[in-house]
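Hello,

Here is the structure I promised to pass on. Please open it first, then read my notes below.

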Amino acid sequence: MTRESWQTRIGFILAAVGSAVGLGNLWRFPWMTSENGGAAFLLVYLGIVLLVGVPGLLAEFVIGRRSRRNPVGALSELSDSKYWSAFGHVFVVTGVVLLSFYSVVGGWILRYFAESFTGAYFADPGAHFGAISYGVEAVAFHLLFLGITALVVLRGVRRGIEKATKLMMPAIVVLLVALAAWGVTLDGAAEGVAFFLSPDVAFLRANFFDILPQAAGQALFTLSLGAGTMLTYASYIGEDRSLVTDGTAIAVLNTVVGVLAGVVVFPILFALGAGAGGGGPGALFVSLAGAFAALPYGQVVGVVFFGVVLLAALSSSISMLEIPVSFLVDEYGVSRRRAVAGLAGLFAVTGSICALDAEIFGVVAGPVVDLLLTGGLVGFLLFAGWVLGTDAVDELQRGAGSLTRSLATPWLYAVGVVIPVFLIFTFVSGLAGALGVAVGPLSLLGVTFDQTRVFLVVTAAVAAASFLGLRRSRSVL
């Protein structure tokens with residue numbers, strides 16, 4: 001079976017950005033930012049995107065293009081190990097988990113987009129969201145959103161995914177810029193801009209280790225890392241293209257859209273006295289919907305805003321469905337039509353479960369996703385650093401300039417040692433938080449040590465030992 005490839009470079013970049021620029025930026029990002037100190041969260045998030053996200057993105061690109069396979073096939077073929085092949089199935093599971101809750105939120109957005117024309121949610125946004133967010137009607141809209149996603153993926157890489165994202169991504173950016181330019185002119189909007197862009201250093205110091213795992217999970221979520229999406233998309237890239245150039249462009253565009261989303265959301269909320277809001281997953285729908293109700297031409301603003309969010313949601317859900325589809329096509333020779341139909345049926349069931357129960361939805365969309373993405377990226381980084389080794393460096397240097405070639409070896413050290421240690425810390429912290437486990441100071445021989453200092457010492461020791469291991473000509477786990 002002939003494997004498809006991207007028709008144009010811009011098509012690949014927009015598709016990858018479309019995967020990253022989705023509900024992570026326009027739904028989850030305002031929710032997480034409002035609950036974690038505004039600009040303090042933004043600052044930590046941006047640092048993780050730069051120092052962890054971009055190198056991690058390149059690790060997935062390297063594995064994907066080197067293998068030209070889906071996550072399971074890539075890890076199996078490049079390692080010739082049954083253990084890595086088994087680990088690859090984790091990413092299929094992650095894709096199932098992601099789209100199971102994502103299509104529910106997509107259904108909410110689809111409904112709000114339609115209702116914006118009539119202002120159906122204006123009277124009492126909180127009560128309206130509570131009434132429609134879970135239950136039979138939520139299932140119906142989840143199925144409709146899933147059906148639209150399946151139709152695009154059914155058409156394949158070039159005729160479906162590439163064409164759709166070429167239209168959607170420019171529209172998202174143009175509409176967001178217009179909304180941001182309008183929002184900052186509102187009376188009181190300056191306070192919202194300050195909340196989002198002026199970090200409270202004292203708050204950051206006091207809450208850093210509470211913010212860190214959530215910022216890490218958000219960064220991975222918005223960049224589509226740790227689920228195999230970027231690996232799968234990179235498997236369709238030609239060898240003459242610079243992975244570093246494309247990866248940097250994707251990260252920058254994704255971050256710009258995320259910041260634009262914040263500049264849209266928070267000025268509107270503060271201008272109307274709603275503040276940073278709260279309310280978890282429903283924050284966007286309750287707070288902003290209430291803001292639209294109080295604005296002149298609120299219905300028009302609502303239509304434009306939820307239209308943008310709907311396009312972003314579709315661009316990401318398309319990439320999530322492509323992961324298990326490519327797995328069935330590559331590994332079992334299933335036709336794309338049968339793969340899409342079968343998986344759509346599976347997601348219809350799993351998504352309906354999330355749409356019927358708020359508690360299940362909250363667990364899946366929060367800690368479960370964060371832990372799966374963090375653990376998945378750790379696996380990709382260790383694979384690139386310790387299994388591929390110099391082969392990873394060789395792949396990164398293909399189609400690249402002299403500057404990239406000089407940075408390839410330091411990049412290998414970073415993805416093989418430093419970043420995995422950091423992510424393991426955030427994984428453990430996030431797991432402890434999800435389980436409600438409080439980690440206190442460590443006492444040894446009557447001396448009490450702050451656990452973070454102990455961690456830093458251990459990190460330094462592990463990093464030093466690992467660097468020695470990476471000095472070999474080809475690292476093998």
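**A buried glutamate**

Glu 395 sits in helix α17, which covers residues 390-397. One point before going further: this is a predicted model. Is Glu 395 buried or exposed? Its relative accessibility is 3%, so Glu 395 counts as buried; the cut-off for buried is under 20%. Which residues does Glu 395 touch, once neighbours within four places in sequence are set aside? They are Val 62, Arg 65, Arg 66 and Leu 243.

**Two crossing helices**

Next, look at helix α9 (residues 189-197) and helix α12 (residues 243-271). Their axes come within 7 Å. They cross at roughly 135°. The crossing of α9 past α12 is right-handed.

Who makes the contact? From α9 come Ala 189, Glu 191, Gly 192, Val 193, Phe 195 and Phe 196. From α12 come Gly 258, Val 259, Gly 262, Val 263, Phe 266, Pro 267, Phe 270 and Ala 271. Sorted by class, this contact has ten nonpolar, three polar and one charged residues.

**Aromatic pairs**

Now the rings. Searching the whole structure gives 20 aromatic pairs. Two of the pairs are described here.

Take Trp 108 and Phe 129. Their ring centres are 5.0 Å apart and their planes stand at 80°, so this pair is edge-to-face. Trp 108 belongs to helix α5 (residues 82-116) and Phe 129 to helix α6 (residues 125-132). The pair therefore ties together parts that are 21 residues apart in sequence. Trp 108 and Phe 129 are both buried.

Then take Tyr 134 and Phe 361. This aromatic pair is edge-to-face too, with 5.8 Å from centre to centre and 65° between the planes.

Tyr 134 has a relative accessible area of 23%, so it is partly exposed. Phe 361 has 0% relative accessibility and counts as buried.

Both pairs belong to one cluster. Ring pairs link Phe 101, Tyr 102, Trp 108, Phe 129, Tyr 134 and Phe 361.

Best wishes

Notes. Residues numbered from 1 in each chain as written. Predicted model: local features only at pLDDT ≥ 70, side-chain atom pairs only at ≥ 80, totals over all residues. Heavy atoms only, no water. Helix = DSSP H or I, 4+ residues; strand = E, 2+ residues; numbered from the N terminus. Buried < 20%, exposed > 50% of the residue type's maximum accessible area, 1.4 Å probe, protein only. Contact = heavy atoms within 4.5 Å. Axes fitted to C-alpha atoms, helices over the stretch in contact; angles between N-to-C directions. Left-handed = near helix turned anticlockwise from the far one by under 90°. Nonpolar A, V, L, I, M, F, W, Y, C, P; charged D, E, K, R; others polar. Phe/Tyr/Trp six-rings, centres within 6.5 Å; stacked < 30°, edge-to-face > 60°.
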